[in-house]
Amino acid sequence: QVQLAESGGGLVETGGSLRLSCSVSGPDFNVYNMDWFRQAPGKEREWVAGITFTGRYTNYAPFARGRFTISRDHANRTVYLQMNSLQPEDTAVYYCNAGRTYDKPAGDYWGQGTQVTVSS
């Protein structure tokens, strides 16, 4: 059973940066594509960024491209989301997800989420 635990959220001013971490326990970390999603109050959960199981390919939602960077550390079984130039509209709970494939909007495994709040 794969378990995900996010950390690194917090309160930051507009223009600031945060790095989120997702620690992965359980078998087969290296076979899972990993993604970040977010959910703002009153809105649906949306996809933010993804990285393939090899770490070779990444992809970003338009709002994240150029500001956010997803990466993974196989040795430490951790996925990161570096977020720069944060804006108030980035305020949301950020979730780590494992196992997304081309034919599924999300994988089967979710973390509990970490709150990111950007003050104006």
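Trainee: Is D90 buried or exposed?
Mentor: Buried means under 20% relative accessible area, exposed over 50%, and partly exposed in between (1.4 Å probe, protein chains only). D90 is buried, because its relative accessible area is 1%. Keep in mind that this is a predicted model, in which local features need pLDDT of at least 70 and side-chain atom pairs count only at pLDDT 80 or more, while totals for chains, interfaces and linings use all residues. Residues are numbered from 1 along each chain as its sequence is written, and side-chain values use heavy atoms, with hydrogens and water left out.

Trainee: Which side chains meet D90 in a salt bridge?
Mentor: A salt bridge is a side-chain nitrogen of Lys or Arg within 4 Å of a carboxyl oxygen of Asp or Glu. D90 meets R38 at 2.9 Å, N to O; this pair links distant parts of the chain, 52 residues apart, with R38 in strand β4 (residues 34-39), where strands are DSSP runs of E, at least two residues, numbered from the N terminus. D90 also meets R67 at 2.7 Å, N to O, and since D90 lies in the loop between β8 and β9 and R67 in the loop between β6 (58-60) and β7 (68-73), the pair ties together parts that are 23 residues apart in sequence. R38 is buried at 6%, and R67 counts as buried at 18%.

Trainee: Which residues are linked in a network of salt bridges?
Mentor: The network links R38, E46, R67 and D90, and a search of the whole structure finds five salt bridges.

Methods. Helices (H or I, at least four residues) and strands (E, at least two) are DSSP runs, numbered from the N terminus.
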